[in-house]
Amino acid sequence: RAKALVEQARLEEVAGRFVRAAGGFSERRARDALELSLVDNAELVFATLSATGRRILQRLSRGFDTVLIDEACQCGEVAALQPL
């Protein structure tokens, strides 16, 4: 229950930012801000190698100590460097 209350407060904070924004509410900006908030506070993040190149992961306030690549022998070297 406590975790749900924390998540609800975060959602309300993000929604409040966009209601007060000069341009009004933007669903895309709200979705991006919410996704950034969730990923930035996550303990574990699962993603495909191609998804690690998304802009949302480049905007995180912190990096990751460990990156585990599943089936790394099936990808090229360049693709394996992308999440690093």
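**Charged side chains up close**

Guide: Start with the fold as a whole. Of the contacts in the protein chain with a separation of 6 or more, 33% join residues 24 or more positions apart; contact means heavy atoms within 4.5 Å. This is a predicted model, in which local features need pLDDT of at least 70 and side-chain atom pairs count only at pLDDT 80 or more, while totals for chains, interfaces and linings use all residues. Residues are numbered from 1 along each chain as its sequence is written, and side-chain values use heavy atoms, with hydrogens and water left out.

The chain has four helices and zero strands. Its pattern along the sequence is α-α-α-α. Helices (H or I, at least four residues) and strands (E, at least two) are DSSP runs, numbered from the N terminus. Of the 84 residues, 18% count as buried. Buried means under 20% relative accessible area, exposed over 50%, and partly exposed in between, with a 1.4 Å probe and protein chains only.

Now the charges. Side chains of opposite charge can pair when their charged atoms come close. Here a salt bridge is a side-chain nitrogen of Lys or Arg within 4 Å of a carboxyl oxygen of Asp or Glu. By that rule there are two salt bridges.

Take E7 and R10. Their closest N and O atoms are 2.9 Å apart, and they form a salt bridge. Both sit in helix α1 (residues 2–20), and because they are three residues apart, about one helical turn separates them. E7 is partly exposed, at 23% relative accessible area. R10 is buried, at 15%.

Next come R54 and E35. This salt bridge also has its closest N and O atoms 2.9 Å apart. The pair links distant parts of the chain, 19 residues apart: R54 is in the loop between α2 and α3 (55–58), and E35 is in helix α2. R54 is partly exposed, with a relative accessible area of 41%. E35 is partly exposed too, at 23%.

Then there is D40. It belongs to helix α2 (residues 27–40). D40 is buried yet has no salt bridge. The nearest side chain of opposite charge is R62, 4.3 Å away. Lys and Arg count as positive, Asp and Glu as negative; His and the chain ends are not counted. Beyond its neighbours within four places in sequence, D40 touches L60, S61 and R62.

Charged residues also turn up in the lining of the largest pocket: 13 nonpolar, six polar and three charged residues make up that lining. Ala, Val, Leu, Ile, Met, Phe, Trp, Tyr, Cys and Pro count as nonpolar, Asp, Glu, Lys and Arg as charged, and the others, Gly among them, as polar.

L84 lies in the segment after α4 (77–81). L84 is exposed, with a relative accessible area of 72%. Its C-alpha atom is 8.9 Å from that of T52, although L84 and T52 are 32 residues apart along the chain.
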